[in-house]
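This briefing is for a reader who has not seen the structure before. Please look over the sequence and the model first.

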Amino acid sequence: MTSQKISFPRQHARTMRFTLGAPRAFTVSPDGERVVFLRSGSGTDRSGRLWVLDLPEGGAPRERVVADPETLLGGSAERLSAQERARRERSREGSAGIVGYAVDAAAELAAFALSGKVYVAELRAGTARALPVPGPVIDPRPSPDGRHIAYVSKGALRVVGAEGEGERALAEPEDGGVTYGLAEFIAAEEMQRSRGFWWSPESDRLLVARVDDSPVQRWWIADPAHPDRRPAEVAYPAAGTPNAEVRLFLTGLDGTRTEVVWDRARHPYLAQVHWSSAGAPLLLVQARDQRSQLYLAVDTESGATRTVHVDEDPVWLEIFPGVPAWAPDGRLVRIADEDGARVLAVGDRLLTGAQLQLQAVLDIGDSDVLVSASAGEEAAEPETGESHVYRVNELGVERVSEGVGVHSAVRAGGVTVLVSQSPERPGARAEALRDGKPVAVVESFAQEPVLSARVHLTEGGARRIPCAVLLPEGYNESDGPLPVLMDPYGGPHGRRVLAAHNPHLTSQWFANQGFAVVVADGRGAPGRSPGWEKAVRNNLVLTVDDQIEALHALAERFPLDLGRVAIRGWSFGGYLAALAALRRPDVFHAAVVGAPVTDLRLYDTHYTERYLGDPAKQPEVYAHNSLLTDEGLSEAADEVRPMMIIHGLADDNVVVAHALRLSSALLSAGRPHEVLPLSGVTHMTPQEQVAENLLLLQVDFLKRSLGLRG
């Protein structure tokens, strides 16, 4: 039981934002008899274990541990290779132990990496064992028939029999810049593609990505707190510079290989790969400007490709989870932006309209497609912050999830695992349904937070900006207006206004320190319409305008003191906070700027060029949208506001050069500011003491800057 004496910052850090002990990464077996998932042993245990929930027909459900790192490692410490650490950073994975797994087609055999070794687990028997293979191992995956395990070690794609026999390399790097079977930095960081090889349905060969990052410029990330250590070399493709060269090969278990051919000069980005028994291997490849993409079917004999479909957009094209894919009848399933709406397309038919904003395809069945979606522009109700699960087919759309909240699901064999968050209760509830009827709830070991988030979900301004407002516990109207803390992410791919409890806990904690906290998802944020997201093309600065519009509109309904307004954020939110303080000091009086992108020329290709184009062709666009240029601060107002800049020195996503250059520009302009360099910290802040003290130091800075008493 959690002691009530523990502070929220300490508990929030110790529980990794209350994610430890919560079940996740669900897989349902095609016979509907098993649900496989990961969960650590308690709300403070970072070590993930592999579990199975048995769902026997007519019998009682039962949970059991299949693989426990403590047992498998004999109590010894886990060791991670540099490549595995990088993979976890790309996926923002901060836990330990078993953090991912893959299964065969029957979900009877699972494979996972632990401390650089390959382990397999028989999911029916509940046994797990290591295979004698060279390491360190990355991303082991069973063949669909369960007879082989493919994995990556030292840049080579290797394969071994499920009993440990016949270990061999299928593709080995020709030089130090080449890897086989891994996703390149851009794919993992920006395209949601974390893998680099895919088994054939017949288990006789694989599609294997060959990545050559030798064209990519090298950056060096050092930790000044440890001058005795060598800087880490990072291949970082900044905007306008070369990307890694990515090729794809059909590779047989006998080592034979055939290159898959497409026009890589025009469509260099390998965004998605799908290979199922419903059709030929399917690729989604994108142009560098992301305004055109091809859906390609691969001839598995020759490696030639044919175009199945072409998407074009004058602004940009998004990449979505779960698509493209083949339906069982061979039709192409995709998510498309059509007539101002984000819709589900199956073959030549659009099955949804502007009532829904499609987010992902969760499962493709014989008679329907399971999707997640939020309310679209033509929805009957705004459903602020909500996401729901729907069944879609030619007959119509049926909502599966119930109640206000954020819902997602996995499905197979007539069993659906529905994962639901609600504003009214902490954490998430994972419920197994068979043919739509509840059969089991997967237990969560996550800790109960020591405070409760009391979030008001609403809309603000003429643009109906989705907002969340949090006031201090016990606040009364007679207490008068409160100093305001804007707490946004506020940019692309980062929805912060959610109809859920836990995402607002930190905001509530700040509110309890005496603030009215406002979270606003302006233009650029996902969840409403393609036009809403794409309004930021060439103009990320308008995200500040939306924060101001939301603030002023909400002040008419909530006790907001517009004479004392601060803003805090991390990553894009840090950029937004600095932008607000530098360009709109008439509105914002202090800013906490966490891991900000300050010069957009220093951020990666796929992300930055999507919104701002090529820096060589549009230097004025980059100058306008960046916080600084080579000449100093960019378009900063004369009035100076207090600013606290926080950045991890080991950050390889938003490198610390962003914060250092901002500090230098502020110093050159005679603008006082504070800088918190975090030694050994990446873009995440998993260290418990660091994460806790960051919250406390921010509150101290905000109170000092706004003239509040301690």
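This is a predicted model: local features need pLDDT of at least 70, side-chain atom pairs count only at pLDDT 80 or more; totals for chains, interfaces and linings use all residues.

Residues are numbered from 1 along each chain as its sequence is written, and side-chain values use heavy atoms, with hydrogens and water left out.

**The chain as a whole**

- The chain has 12 helices and 46 strands; helices (H or I, at least four residues) and strands (E, at least two) are DSSP runs numbered from the N terminus.
- Its radius of gyration is 25 Å, close to the 27 Å that the globule rule gives for 710 residues, so the chain is as compact as a globular protein of that length. The radius is taken over C-alpha atoms, and the rule is 2.2 Å times the number of residues to the power 0.38.
- The C-alpha trace spans about 70 × 60 × 55 Å along its principal axes.
- Of the 710 residues, 58% count as buried, where buried means under 20% relative accessible area, exposed over 50%, and partly exposed in between (1.4 Å probe, protein chains only).
- Among contacts (heavy atoms within 4.5 Å) between residues at least 6 apart in sequence, 60% join residues at least 24 apart.

**Helix α7**

- Helix α7 covers residues 542–554, and its 13 residues reach 19 Å from first C-alpha to last, close to the 18 Å expected at 1.5 Å a residue. The expected span is 1.5 Å times one less than the number of residues.
- Because 11 of its 13 residues are buried, α7 is largely enclosed by the rest of the structure.
- Its buried residues include Leu542, Asp546, Glu549 and Leu554.
- The cover over the buried residues of α7 includes β39 (482–486), β40 (516–520), β41 (560–570) and α8.

**Strand β39 and its partners**

- In β39, five of its five residues are buried.
- β39 runs parallel to β41, joined by five bridges, and proline 483 stands opposite aspartate 561 in β41. Two strands pair if DSSP finds at least two bridges between them.
- β39 also runs parallel to β40, with three bridges; here valine 484 stands opposite alanine 516.

**A four-stranded open sheet**

- The order of this sheet is β25-β26-β27-β28, with antiparallel pairing.
- β25 (325–326) and β28 (349–350) are the edge strands, since each pairs on one side only.
- Two bridges join β27 (residues 341–346) to β28, and valine 346 stands opposite arginine 349 in β28.

**Helix α11**

- The 12 residues of α11 (residues 657–668) should span 16 Å at 1.5 Å a residue, and the end C-alpha atoms are 16 Å apart, which agrees.
- The buried residues of α11 are His658, Ala659, Leu662, Ser663, Ala665 and Leu666. They cover an arc of only 165 degrees around the axis, which puts them on the same side of α11; the arc is that of the directions from the helix axis to the C-beta atoms.
- Exposed residues Leu667 and Ser668 lie on the face turned away from the buried side of α11.
- The buried residues of α11 pack against elements including α8 (572–583) and β45 (643–648).
- Just after α11, glycine 670 takes a positive phi of about 70 degrees.

**Glutamate 609**

- Glutamate 609 is in helix α9 (residues 605–612) and counts as buried, at 7% relative accessibility.
- Not counting residues up to four places away in sequence, glutamate 609 touches Ala239, Gly240, Tyr269, Arg288, Arg537, Asp604 and Tyr622.
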